[in-house]
Amino acid sequence: MVMDTLGDVYVGLGEYRSAQQLLDRAIGLPYPEEGDRLTRVKILVDQGELMRLQARYPESEDSFRRAIRSLATRSEPDAKLLDAEAHFGLGKVLAAQGDYVASADAYHQSLAVQEVIFADPSPVVGRTLIALGDVLRNQRQYEEAIRVLDRALSIGRNLWPDQLHPDIADALGVRGAVLYDSGQVAASVPEFQEALRINRRVRGDSHPEVGQTLENIANSYADLGETGNARKAFEESLRVRTVALGPDHPDVGGTAYDLATLVADANDFPAAIRYGRRALDIYRHAYPREHPDIALVLNMLGYWELREIGRAHV
């Protein structure tokens, strides 16, 4: 359908409002034929994903659930594929809301269909396994998460023997996060470094995933006491995220604050104050004045400024 396809183009361009208007028009059209009713359900799924991208999570969840209910009695392959897509989207939006148990269940239901329909190895199955692995990480089911992610990596390496694919980078990134969260910090570094290498090759040096991976590497180095390496990775992450997300994005502020705390621990208070003020400016632009992150940065800035004044008078 033309409006549905044009809506996908608007989503790809980040023009969510235009995409939403087109999808709203499409969902209101009559669909008398049985096959066309699947088109209506596809639009519901697309709406759910669009709302998720805009962080409109309750509306997104409702749209995915409506699609799933509409498919409950359908058994033809196209309907089953759409059901798997809807459950995958539902899993993502539930994870974004912190409902990891329900998210894992939605991913399992999506996998149950995908593994029947798609030939092995399937990139669709691999991506669902990566998402499931991340949810299991958030549930602290680390051994199961590693098992699931290893399967995703096996699929990816069979599909792309040169290893240069975003799905392999994503699986390595989540696997590194599982190792980090489970206390295996040193083991997480090679996973993140390999994910970084692939992301730079296939996504480019200024992609948001490059910035996120650098942040992960920096946190690992910081926990290992390798302050110099951590600072270098944080500074590079800050540069990449500023380009990829824009200078006023909250994630840029988060990286600036993390860098400020790192250099403050090394007694470089002028740098800590500089990065802390940058984080504060971003948070004041992005958040309401009562936001706890603003209060946190203000408190730490006051402490660092006092420490620097004290050093100046020694």
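Trainee: Before we start, what are the ground rules?
Mentor: It's a predicted model, so local features need pLDDT of at least 70 and side-chain atom pairs count only at pLDDT 80 or more, while totals for chains, interfaces and linings use all residues. Residues are numbered from 1 along each chain as its sequence is written, and side-chain values use heavy atoms, with hydrogens and water left out.

Trainee: How many helices and strands are in the chain?
Mentor: Helices (H or I, at least four residues) and strands (E, at least two) are DSSP runs, numbered from the N terminus. Going by that, the chain has zero strands and 15 helices.

Trainee: What share of the 314 residues counts as buried?
Mentor: Buried means under 20% relative accessible area, exposed over 50%, and partly exposed in between (1.4 Å probe, protein chains only). For the 314 residues of this chain, the buried share is 43%.

Trainee: How far apart are the end C-alpha atoms of helix α5?
Mentor: The expected span of a helix is 1.5 Å times one less than its number of residues. Helix α5 has 20 residues (77–96), so it should span 28 Å. The model agrees with that, as the end C-alpha atoms are apart by 29 Å.

Trainee: Which residue takes a positive phi just after α5?
Mentor: Look just past the end of that helix for a phi of about 85°. The residue is G98.

Trainee: Is H165 buried or exposed?
Mentor: H165 sits in the loop between α8 (142–159) and α9 (166–181). Its relative accessibility is 16%, so H165 counts as buried.

Trainee: Which residues does H165 touch?
Mentor: Contact means heavy atoms within 4.5 Å. The H165 side chain also reaches the backbone nitrogen of D167 at 3.0 Å. Leaving out residues up to four places away in sequence, H165 touches R127, W160, I198 and V202.

Trainee: Which residues make the nonpolar surface patch of about 250 Å²?
Mentor: Patches are made of residues with over 30% relative accessible area and no salt bridge; like charges are joined within 9 Å, and nonpolar side chains (Val, Leu, Ile, Met, Phe, Trp, Tyr) within 5 Å. Areas come from the Shrake-Rupley method with a 1.4 Å probe, and for residues only the protein chains shown count as cover. I117, in helix α6 (residues 100–117), is partly exposed at 34%. The patch is made by L81, V116 and I117.

Trainee: How many salt bridges does a search of the whole structure find?
Mentor: A salt bridge is a side-chain nitrogen of Lys or Arg within 4 Å of a carboxyl oxygen of Asp or Glu. The search turns up 22.

Trainee: Why are E49 and R52 separated by about one helical turn?
Mentor: Their side chains meet in a salt bridge at 2.7 Å, N to O. An α-helix has 3.6 residues a turn, so residues three or four places apart point the same way. E49 and R52 are about one turn apart because, in helix α3 (residues 34–53), their spacing is three residues.

Trainee: Where does the salt-bridge partner of R231 lie?
Mentor: R231 and D268 meet at 3.1 Å, N to O. The pair links distant parts of the chain, 37 residues apart: R231 is in helix α12 (residues 227–245), and D268 is in the loop between α13 (250–265) and α14 (269–286).

Trainee: Which helices hold E305 and R277?
Mentor: The side chains of E305 and R277 meet in a salt bridge at 3.2 Å, N to O. The pair ties together parts 28 residues apart in sequence, because E305 lies in helix α15 (residues 292–312) and R277 in helix α14.

Conventions
Polar contact = N/O pair within 3.5 Å; in protein donor to acceptor, adjacent residues only side chain to side chain.
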